[in-house]
Amino acid sequence: MSYQALGTTPLERLQDRLNREARVCPACRYEDTENGWQAVTSGSRVQYRHICPSCGEISKRELRLGSRS
Ligand SMILES: [Zn+2]
């Protein structure tokens, strides 16, 4: 398996990582295999939100765009 083709931008890398690692609810350990993360874009930021269908726990991740150093 090669991961090199995946995630060419920071955004894609984050998405890829979320989809692989962050599907298990930290509160109740429910593994959500159906609903992915919802992306909310606002200006230079992208916020990802995932609501656990089992207990309603909200997980968030945030990515800042355009801050390449
Ligand atoms: Zn949960």
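Me: What spacing do the donors of the zinc ion follow along the chain?
Reply: This is a predicted model, with pLDDT of at least 70 needed for local features and 80 or more for side-chain atom pairs, while totals for chains, interfaces and linings use all residues. Residues are numbered from 1 along each chain as its sequence is written, and side-chain values use heavy atoms, leaving out hydrogens and water. The zinc ion's protein donors (N, O and S atoms within 2.8 Å of the metal, or 3.2 Å for Na, K and Ca; water isn't among the atoms, so sites may look incomplete) are the SG atoms of Cys25, Cys28, Cys52 and Cys55, lying 2.3 Å from it. Along the chain, they follow C-x2-C-x23-C-x2-C.

Me: What arrangement do the four donor atoms make around the zinc ion?
Reply: Four donors need all angles between 85 and 135 degrees to pass as tetrahedral. Here the angles run from 107 to 112 degrees, so the arrangement is tetrahedral.

Me: How many residues apart in sequence are the parts that Cys28 and Cys52 tie together?
Reply: Helices (H or I, at least four residues) and strands (E, at least two) are DSSP runs, numbered from the N terminus. Cys28 sits in the loop between helix 1 (10–21) and strand 1 (38–42), and Cys52 in the loop between strand 2 (45–51) and strand 3 (58–64). So the parts this pair ties together are separated in sequence by 24 residues.

Me: Which residues does Leu14 touch, not counting residues up to four places away in sequence?
Reply: Leu14 is one of the buried residues of helix 1, and strand 2 and strand 3 are included in what covers them. Taking contact as heavy atoms within 4.5 Å, and leaving out residues up to four places away in sequence, Leu14 touches Tyr48 and Leu63.

Me: Is Gly43 buried or exposed?
Reply: Gly43 lies in the loop between strand 1 and strand 2. Its relative accessibility is 74%, so Gly43 counts as exposed.

Terms used. Four donors count as tetrahedral if all angles lie between 85 and 135 degrees; four count as square planar and six as octahedral if opposite donors are over 155 degrees apart and all others between 65 and 115; anything else is irregular. Buried means under 20% relative accessible area, exposed over 50%, partly exposed in between (1.4 Å probe, protein chains only).
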